[in-house]
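This report describes how the parts of a protein complex meet, going from the interface of the chains to the parts within them. Please keep the sequence and the model in view while reading.

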Amino acid sequence: MLTIQEILETNRMIEQNNFDVRTITLGISLRDCCHPDIKIFCQNIYEKITRAGEHLVRTGEDIEAEYGIPIINKRISVTPIAIVAESCHADSYVPVAQALDAAAKTVGVNFIGGFSALVEKGYTKGDRILIQSIPEALAQTERVCSSINLASTKAGINMDCVREMGQIIKRTAELTSDRDALGCAKLVVFANVPEDNPFMAGAFHGVGEAEKVISVGVSGPGVVKRALEEVRGQDFSAVAETIKKTAFKITRVGQLVAQEASRRMGVPFGIIDLSLAPTPAVGDSVAHILEEMGLESCGAPGTTAALAILNDAVKKGGLMASSHVGGLSGAFIPVSEDAGMIAAVERGSLTLEKLEAMTCVCSVGLDMIAVAGDTSAATISGIIADEAAIGMINNKTTAVRIIPVPGKKVGDSVEFGGLLGYSPIIPVNTFKSDDFIARGGRIPAPIRSLTN
Amino acid sequence: MKAVITIVGQDRVGIVAMVSEILAVNSVNILNINQNILDGFFNMVMIVDMASSKVSLKDMQQILKGKGDELGLDIKAQHEDIFQIMHRI
């Protein structure tokens with residue numbers, strides 16, 4: 001029989017420590033929607049998504065009510081549009097983004113991911129059209145998210161795309177300048193992208209996935225922080241053990257929610273993404289976990305080590321709790337979405353360079369970084385190249401979600417609202433990378449031995 | 001199906017009686033009650049069997065929440081599996 005302490009512990013995690021299931025994401029294959037006429041293609045995808053996703057939001061709400069666990073987002077991911085739209089006779093995929101947006105609104109999900117292309121080794125015709133359509137697509141839609149994979153450990157880095165994405169990010173910022181470049185918050189550039197990630201903005205339904213699949217992203221930085229308060233002053237073995245036990249408990253609930261959603265919708269269970277995803281809310285910060293380990297402020301020497309322990313222990317604990325783990329599992333460090341990161345930037349302890357070092361051991365990369373509007377496309381490409389190189393060499397996922405906010409400079413701040421939070425403008429190294437980025441071509445795939 | 005009912009709030013006469021009555025009227029069987037007073041606050045956890053219940057868990061949540069709001073108590077009913085899966089392997 002359950003004890004009163006166990007029951008109260010679970011409810012305290014939910015009520016006081018912001019434990020929640022961050023997302024139930026329904027992945028849908030659009031491979032059977034292709035058509036040479038883009039109008040018919042758009043109609044096909046709208047019909048398929050609205051039919052497949054009809055009960056998603058309702059199912060999520062039912063599970064939330066019955067178990068008393070908040071399920072914050074219900075979302076949809078689809079096959080990368082560059083692949084399925086390629087047979088359309090069209091020179092822009094903006095209408096496809098509009099069809100995705102309309103479908104998302106009809107089924108009531110707040111984001112739909114998959115306006116994506118995988119170009120780590122090179123472009124096809126569809127990839128080029130999709131990438132060129134991104135700025136307008138993100139400006140004209142509300143719920144569509146876009147992602148590009150431009151590097152991998154097996155293929156190297158597509159430096160032509162690195163150059164192009166700097167320009168695309170700048171253009172997206174210009175077209176959404178009336179919303180503080182909000183379009184860029186819905187655009188991620190990846191290296192080694194996972195094809196089963198349920199978290200936005202990088203979610204898409206990989207080509208090796210089933211027809212439909214349910215994946216769940218759990219969260220709970222506040223719960224980990226609270227658990228670590230109990231082991232203050234103890235050594236790192238105690239820290240790692242505490243994180244593992246907490247991650248196990250959190251992930252078990254994610255597994256329950258995923259199984260229930262899968263059963264009720266008649267859709268196979270995919271994976272649990274056992275991520276610590278912060279929000280700007282008090283008590284929901286990854287930075288505060290690092291500070292709880294003994295750092296005065298996130299960014300202080302020791303921060304990378306603290307994040308490495310956290311990321312590794314979360315995976316170890318979570319892996320034991322779920323039958324299938326995938327996605328981006330680990331600890332996210334999105335600056336504007338984390339109250340502790342925001343405060344650390346404001347007090348000058350967290351810089352872009354330190355964040356880059358942290359991305360060597362976090363679960364994703366440079367995330368939700370607001371920079372001055374006059375940051376050049378080549379500089380943004382340089383940042384992307386650095387991040388892609390870290391991912392390629394270290395055989396890990398890395399990403400860049402950077403927002404050059406028009407009209408803003410260092411000293412200003414920007415408010416994105418909701419889960420996207422707010423951020424001070426982060427200073428960027430002002431020395432130029434233009435000639436480096438202008439070269440283009442491909443950085444060859446790295447050697448996998450002599451690892452020193 | 002088993003459910004866990006938790007009640008938290010200012011202590012007063014008749015809380016257990018009031019909740020028990022609602023459960024009895026709806027044919028919900030109480031399996032276990034654990035109750036204590038901490039700093040004047042009433043804490044109670046009940047595990048109940050809803051196999052013969054006349055109402056769904058969702059409806060029971062509404063009935064209990066309504067009664068709780070009336071009396072200034074926080075009353076929640078949750079499917080037992082969320083606790084089992086977290087604390088039992």
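How many residues of chain A are in contact with chain B, and how many of chain B with chain A?

## Basis of the report

This is a predicted model, in which local features need pLDDT of at least 70 and side-chain atom pairs count only at pLDDT 80 or more, while totals for chains, interfaces and linings use all residues. Residues are numbered from 1 along each chain as its sequence is written, chains are lettered from A and ligands numbered from 1 in the order in which they are written, and side-chain values use heavy atoms, with hydrogens and water left out.

## The interface of chain A and chain B

In answer to the opening question, 25 residues of chain A are in contact with 25 residues of chain B, contact meaning heavy atoms within 4.5 Å. The area buried between the two chains is about 2,400 Å², and carbon and sulfur atoms give 65% of it; buried area is the accessible area (1.4 Å probe) that two parts lose on being put together, summed over both. On the side of chain A, Met1(A), Leu2(A) and Ile4(A) lose the most area to chain B, together 25% of what that side buries.

Between chain A and chain B there are 3 salt bridges, each a side-chain nitrogen of Lys or Arg within 4 Å of a carboxyl oxygen of Asp or Glu. Glu6(A) forms a salt bridge with Arg88(B), with the closest N and O atoms 2.8 Å apart. The elements that give two or more residues to the side of chain A that touches chain B are α1 (4-15), α3 and α9 (236-265) of chain A, and α1(A) gives the most, with 10 residues. Helices (H or I, at least four residues) and strands (E, at least two) are DSSP runs, numbered from the N terminus.

## The fold of chain B

Chain B has 3 helices and 4 strands, which follow the pattern β-α-β-β-α-β-α along the sequence. The radius of gyration of chain B is 13 Å, close to the 12 Å that the globule rule gives for 89 residues, so chain B is as compact as a globular protein of that length. This radius is taken over C-alpha atoms, and the globule rule is 2.2 Å times the number of residues to the power 0.38.

## The two domains of chain A

The domain assignment of chain A gives domain 1 (23-191) and domain 2 (216-436), with bounds that come from an automatic or database domain assignment. The C-alpha centres of these domains lie 22 Å apart, and 42 residues of domain 1 are in contact with 45 residues of domain 2. The area buried between domain 1 and domain 2 is about 3,200 Å², of which carbon and sulfur atoms give 72%.

Across this domain interface the rule finds 1 salt bridge, and the side chains of Arg264(A) and Glu66(A) meet in a salt bridge at 3.0 Å, N to O. The count of residue pairs in polar contact between the two domains is 12, both residues at pLDDT 80 or more.

Note on methods:
A polar contact is a pair of N or O atoms within 3.5 Å; within protein, one must be able to donate a hydrogen and the other to accept it, and residues adjacent in sequence count only if both atoms are side-chain atoms.
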